[in-house]
Amino acid sequence: MNCRLTIKDKIHWIGVNDRETTLFENYWPIDKGVAYNSYLINDDKIAILDTVKFNKTTEYLEKIKEIIGDKEVDYLIVNHMEPDHSGSMLALIGAYPNMQIVGNKKTFPFIEGFYGITKNFFEVGDGDMIDLGKHKLRFYLTPMVHWPETMMTYDETSNVLFSMDAFGGFGSLDGGVFDDEINFEFYEDETRRYYSNIVAKYSPMVQRALKKLSGLDIKMIAPTHGPVWRTDPGKIVSLYDKWSRFEADHGVVIVYGSMYGNTAKMADYLARIIAENGVKNVKVFDASKTHNSYILSEIWKYKAVVIGSCAYNTKVFSSVETVLAKLSNSGLKDRYISVFGNKSWSGGGVSGIETFVEEIGWEKIGDSIEATYSPKDTEFMALTQLGKQIAAKLDETFSK
Ligand code: FEO
């Protein structure tokens, strides 16, 4: 017997937790797991919204059977085709061969391309509605949040928005499924890590989607990952709005790459100066130790960024290069940036970061500081000056 969970008015959560997978999309660490949420509406007509990843199909089909017994599923609504949500589609069609597959014009080539399915397609356009009996499902196309076919489904009867990946995040659902049952801080961090690494490149499309949805009376948000937001859906909507407008909090993220500790020493010294000057949120990361997904998430949160690197084969140190590449690709705007590092017989670390600064166009605070072999009084004096400048700039920005 699986857990039975009704989220509202005959809408059932039929999601699964995945604590076995080490890397989401074979890249992002998910040491705290992830949930693939799917929903079933048990009305005169039965609809399922999205499926789950292939590794959980057996458990998933059991859950459906426990709710509907021998009844048929009438509709599979495909809000998003990424395989963590479409991975059980073939098995579901095998169990319910007459089921109509609901998607928009962009959805069906994905279904055919991934799974070779070509029939029982039910195309909907923006604003179309399907009547299940009591529940009336209206479709809102939200392309490129963050795939071309992404759309959301709004149940006009129960005021639930099925939002696919939007408003969702990493972290399995460990008993608590609703926002009022969980530790919000953990899921906020994991939702921002999901946003900044997976959705954020499409922030302008997120803004467009938020505008499109702004007239709806949303009482509950049911995403395909993370908690179901039933008590305060406005909280996650306003965070999404903030993240997609690149707004940040008062704080500094220092990221460095250091082979033998000299660049690390500069990072720690600078962090101390910044803290002494009143900045409470100072986060220091060794780029070789912490996965770049966590670093990007913190940079999404805080206004000032400091990047430090030793020179490595006349370039930026590889682990720092990865962070810079991720930042360039993410489309993040409106951050302050400062630069420091170390060289020995040749440079390349600091100058490489400077090239990144020029390309990304963020406001640079202070002059770059580069030590030779190891930092000495001259560099520590410069770091003291830089730390004061960064703290003052933040105070000035956030006092406006
Ligand atoms: Fe959760 Fe875009 O897949």
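K303 lies over the face of Y336, 5.1 Å from the ring centre. This is a predicted model. The structure holds 19 salt bridges and 22 aromatic pairs.

**Charges over rings**

- K303 is the charged residue at Y336, and the ring presents its face to K303.
- A second case involves an arginine: R230 sits over the face of F178. Here the distance to the ring centre is 3.7 Å.

**Aromatic rings**

- A search of the whole structure gives 22 aromatic pairs.
- One of them joins F114 and Y115: the ring centres are 5.8 Å apart and the planes meet at 40°, so the pair is tilted.
- Why quote both a distance and an angle? A pair of aromatic rings is described by the distance of the centres and the angle of the planes.
- F114 is partly exposed, with a relative accessible area of 42%.
- Y115 has 19% relative accessibility and counts as buried, because buried means under 20%.
- Six residues are listed in one aromatic cluster: F167, Y195, Y240, W243, F246 and W300.

**Helix α4**

- Which residues of α4 are buried? In this helix, residues 107–115, they are T107, F108, I111 and Y115.
- Seen down the axis of α4, these buried residues fall within an arc of 95°, so they line one face of the helix.
- The face turned away from the buried side carries P109 and G113, which are exposed.
- What covers the buried residues of α4? The cover includes two helices, α2 (83–86) and α3 (89–95). It also includes two strands, β10 (100–103) and β11 (121–123).
- G116 follows α4, and its phi is positive, near 70°.
- Y115 links this topic to the last one: Y115 is a buried residue of α4, and its ring pairs with that of F114.

**Salt bridges: two pairs with an aspartate and a lysine**

- The count for the structure is 19 salt bridges.
- D70 bridges to K65, with the closest N and O atoms 3.6 Å apart.
- D70 is exposed, at 70% relative accessibility, because exposed means over 50%.
- K65 is partly exposed, at 44% relative accessibility.
- D217 bridges to K219, and the closest N and O atoms are 2.7 Å apart.
- D217 is partly exposed, with a relative accessible area of 43%.
- K219 is partly exposed too, at 40% relative accessibility.

**Salt bridges: a strand and a helix joined**

- K283 and E298 meet through their side chains in a salt bridge, 3.4 Å from N to O.
- What does this pair tie together? K283 lies in strand β18 (residues 282–286) and E298 in helix α9 (residues 292–301), so the bridge ties together parts that are 15 residues apart in sequence.
- E298 is buried, at 12%.
- K283 and E298 also belong to a network: salt bridges that share partners join them with D189 and R192.

Methods:
Residues are numbered from 1 along each chain as its sequence is written. This is a predicted model: local features need pLDDT of at least 70, side-chain atom pairs count only at pLDDT 80 or more; totals for chains, interfaces and linings use all residues. Side-chain values use heavy atoms; hydrogens and water are left out. Buried means under 20% relative accessible area, exposed over 50%, partly exposed in between (1.4 Å probe, protein chains only). Helices (H or I, at least four residues) and strands (E, at least two) are DSSP runs, numbered from the N terminus. The arc is that of the directions from the helix axis to the C-beta atoms. Contact means heavy atoms within 4.5 Å. A salt bridge is a side-chain nitrogen of Lys or Arg within 4 Å of a carboxyl oxygen of Asp or Glu. Rings of Phe, Tyr and Trp (its six-membered ring) pair if their centres lie within 6.5 Å; planes under 30 degrees apart count as stacked, over 60 as edge-to-face and the rest as tilted. A charge sits over a ring if NZ of Lys or CZ of Arg is within 6 Å of the ring centre and within 35 degrees of the ring normal.
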